[in-house]
Amino acid sequence: MTEKHEIIPVWFFVGVLFLVYGVLIFVSGLAEWSHPPDTVLANLHAPVWWGGLMVALGILYCGKFRPRGHKA
Amino acid sequence: MTAILGMLVTDRLVKLAPVDLAIVIFYFALVLVIGFYLKRFATTGEDFFMAGREMTAWVAGLAFVSANLGSLELLGWAGSAYQYGILAAHWYWIGAIPAMLFLGLVMMPFYYISKTHSVPGYLQLRYGTAASGLSAVTFAIMTILMSGVNMYAMAVVMKVVLGWDLNFSIFVSSVTVAIYVAAGGLFSAIFNEVLQFFLIWFGALLIPILGLIETGGWKGMVARIQHNFPGQDFTHMWSNMGHVQDNPMGMHWAGIVFGLAMVQSMGYWTTDFLVVQRVLSAKDIRSAKLAPVLGSFFKMAVPLIVILPGLLGLALLPMHLVPDAPNLPPGAHSYNEVLPLMLARYCGPGLLGLGITALVAGFMAGMAGNVSAFATVWTYDLYRPFIRKDAPDKHYVSMGRWCTLIGVFISIGTAYVVMSFASIMDYVQALFGFFIAPLFGTVLLGMMWKRVTKEGGFWGLLAGTTSSITLFLLMHGKLPLFGKSAEQWIGLLTFNPHAKGLAQDMFQSLWSCTTCVVVTVLVTMVTKPRPDSELKGLVYSLTEVAHEEKVGLLHRPVFWGGVALALLVVLQIIFW
């Protein structure tokens with residue numbers, strides 16, 4: 001993302017955020033599968049597919065924009 | 001940590017699970033890590049205040065939109081959607097897109113070629129110190145007040161959803177912002193704005209998805225709203241604006257077109273340094289032009305996560321929300337609480353933490369945007385010209401860091417001012433009207449007409465700002481001029497004695513900008529113009545705008561600007 005400075009691309013940090021949050025949400029969704037929380041439409045298990053989507057995006061971003069040596 | 005938070009809890013909509021707390025805490029840790037990581041790169045004034053002018057169009061464009069997507073946006077406009085219906089989307093579409101495209105395709109070359117560091121910096125080059133100083137002072141006041149608004153919005157979220165103590169919330173978030181912006185300057189602010197952009201989308205998008213599933217789609221939602229609020233039209237954008245009595249805002253279409261689209265939004269998106277600063281960080285002129293154009297597409301999509309949840313609140317919430325007030329009766333909720341209420345409706349552990357973090361991130365990014373812009377304007381447009389002219393670059397970077405810290409702490413005090421207004425957005429619109437609308441007149445005349453003089457620019461800006469404040473006081477009954485009541489003044493100035501807050505603000509902007517333009521022209525006609533040689537790179541007729549390198553159609557800002565405009569027209573027709 002930069003030319004003058006060799007900064008880790010912001011997209012890598014976005015990927016880290018997605019990955020960590022995706023794992024946390026996905027796992028908590030699985031953990032509550034048999035006892036869904038007292039929310040509307042809890043039967044749709046939104047945390048599982050939403051967390052899964054975030055994990056997939058996180059892996060994609062972290063892989064594509066990971067720091068490589070001295071290049072940004 | 002949980003024990004400490006538990007002690008602060010008073011009353012709440014939801015209780016955070018450990019996974020939610022982990023999500024919130026990880027966000028705070030990550031932004032601090034990024035801030036300290038970027039500190040090593042923010043060593044010169046160009047780096048600290050302008051992020052080295054090396055951002056790509058995508059990063060600058062996302063930061064450009066994200067700087068405007070704070071908690072204020074999320075809570076305030078979701079609340080406005082509950083209060084006024086889909087009319088609130090005018091502020092995202094006709095009240096934003098044309099102005100963003102105008103900035104990118106018309107005005108950005110002047111800002112970029114002049115190599116100014118700020119909007120007051122452009123005024124300094126075009127009009128001299130007086131107009132620049134006036135603009136810098138008003139901008140500094142506005143940013144600090146805006147920071148206070150953001151704090152209030154965040155404190156509301158924490159109070160309503162989690163029951164956290166207001167002072168605790170403000171302290172933790174504002175100290176975090178102060179640290180990471182003081183460390184990495186605009187680099188930090190932009191990085192975190194990009195992070196926040198994705199967080200907000202992923203934290204809030206589930207509300208409209210699940211809401212539309214619950215209502216059975218758009219038609220089901222409209223049917224429920226009509227059932228809950230019979231006789232009121234909350235779901236049309238233009239067809240109910242022929243008469244002010246026909247829509248919940250009390251607004252005529254002329255106010256939207258002439259007040260919002262042509263003055264207020266133009267003023268905000270093209271001269272509010274908070275957003276313009278992000279584009280100035282672009283690496284070249286094509287990126288600088290493209291960034292607002294790309295941003296316009298994202299802006300067009302934001303109603304999905306802001307306006308739609310407000311409409312879903314009208315359809316689904318069992319209670320009727322009320323205007324904000326310091327002491328709401330037990331069990332009552334204000335318009336501004338609609339988004340947290342909808343979040344609590346659908347989100348259990350994990351997702352709730354994500355939604356809360358998105359709101360906190362929105363607050364923090366909004367505040368970071370304000371303080372980074374404040375630090376730049378204070379250091380470059382007030383401190384350097386008026387207090388210490390020839391200090392080394394390192395000194396100004398140091399001043400910027402200290403100014404960031406001080407700005408955060410000053411703005412904490414302004415958070416409480418917000419509470420005396422019926423709606424957060426009414427308050428902010430009033431601020432925009434005070435300073436932004438006249439500034440747009442001054443900047444645009446300066447760019448487009450070489451005859452405008454220094455004196456014309458200064459006196460026009462001063463007259464516009466003064467008239468704006470005067471009109472505000474008249475319409476709010478604070479200045480009983482000529483024995484007329486506030487309602488009489490509202491009727492006179494907006495052509496409708498029943499016009500509500502946002503409608504009043506539109507006309508306040510329109511009249512103050514008109515005043516600015518008229519006074520600028522009159523003073524210009526009796527004062528001496530600057531020679532052409534001094535205006536090269538600052539005025540349209542005397543500037544050779546560098547042509548973009550020869551690129552294909554799909555890489556040209558003007559092409560994507562055309563696509564954005566076409567999409568805007570389609571949206572207006574769909575929701576007519």
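Guide: One term to start: a residue is buried if 20 or more other C-beta atoms lie within 10 Å of its own, exposed if 12 or fewer, and partly exposed in between, with C-beta atoms placed from the backbone. By that count, 14 of the 19 residues of H12(B) are buried, so this helix is largely enclosed by the rest of the structure.

Visitor: Where does the model come from, and how do I read the labels?
Guide: The model is predicted: local features need pLDDT of at least 70, side-chain atom pairs count only at pLDDT 80 or more, and totals for chains, interfaces and linings use all residues. Residues are numbered from 1 along each chain as its sequence is written, while chains are lettered from A and ligands numbered from 1 in the order in which they are written.

Visitor: Back to H12(B). Where does this helix bend?
Guide: At B:Leu260, by about 45°. The bend is the angle between axes fitted to the seven residues ending there and the seven starting there. Helix H12 of chain B covers residues 253-271. Helices are DSSP runs of H or I, at least four residues, and strands are runs of E, at least two, numbered from the N terminus.

Visitor: Now chain A. How many helices and strands?
Guide: Two helices and zero strands. Buried residues make up 35% of the 72 residues in chain A.

Visitor: How do H1 and H2 of chain A cross?
Guide: The axes of H1 (residues 10-31) and H2 (residues 46-65) come within 7 Å and cross at roughly 155°. That makes H1(A) roughly antiparallel to H2(A). Angles over 145 degrees count as roughly antiparallel, under 35 as roughly parallel, 65 to 115 as roughly perpendicular and the rest as oblique. Axes are lines fitted to C-alpha atoms, for helices over the stretch in contact, and angles run from 0 to 180 degrees between N-to-C directions.

Visitor: What kinds of residues form the contact of H1(A) with H2(A)?
Guide: There are 21 nonpolar, seven polar and no charged. Ala, Val, Leu, Ile, Met, Phe, Trp, Tyr, Cys and Pro count as nonpolar, Asp, Glu, Lys and Arg as charged, and the others, Gly among them, as polar.

Visitor: What sits in the loop between H1 and H2 of chain A?
Guide: A:Leu41 is one of the residues there. Its phi is near 60°, a positive value in a residue other than glycine. A:His45 lies in that loop too, with a positive phi of about 55°. A:Leu41 has 16 C-beta neighbours inside 10 Å and counts as partly exposed. A:His45 also has 16 and is partly exposed.

Visitor: How many residues of chain B are in contact with chain A?
Guide: 31 residues of chain B, in contact with 27 residues of chain A. Two residues are in contact if their C-beta atoms, placed from the backbone, lie within 7 Å. Elements giving two or more residues to the chain B side include helix H9 (166-204) and helix H17 (351-386). By class, that side has 23 nonpolar, four polar and four charged residues.

Visitor: Pick a residue in H17. Is B:Met364 buried or exposed?
Guide: B:Met364, found in helix H17 of chain B, is buried, with 28 other C-beta atoms within 10 Å.

Visitor: Which residues does B:Met364 touch?
Guide: B:Ser173, B:Thr176 and B:Val177, not counting residues up to four places away in sequence. The C-alpha atoms of B:Met364 and B:Asn192 are separated by 8.8 Å, though the two are 172 residues apart along the chain.
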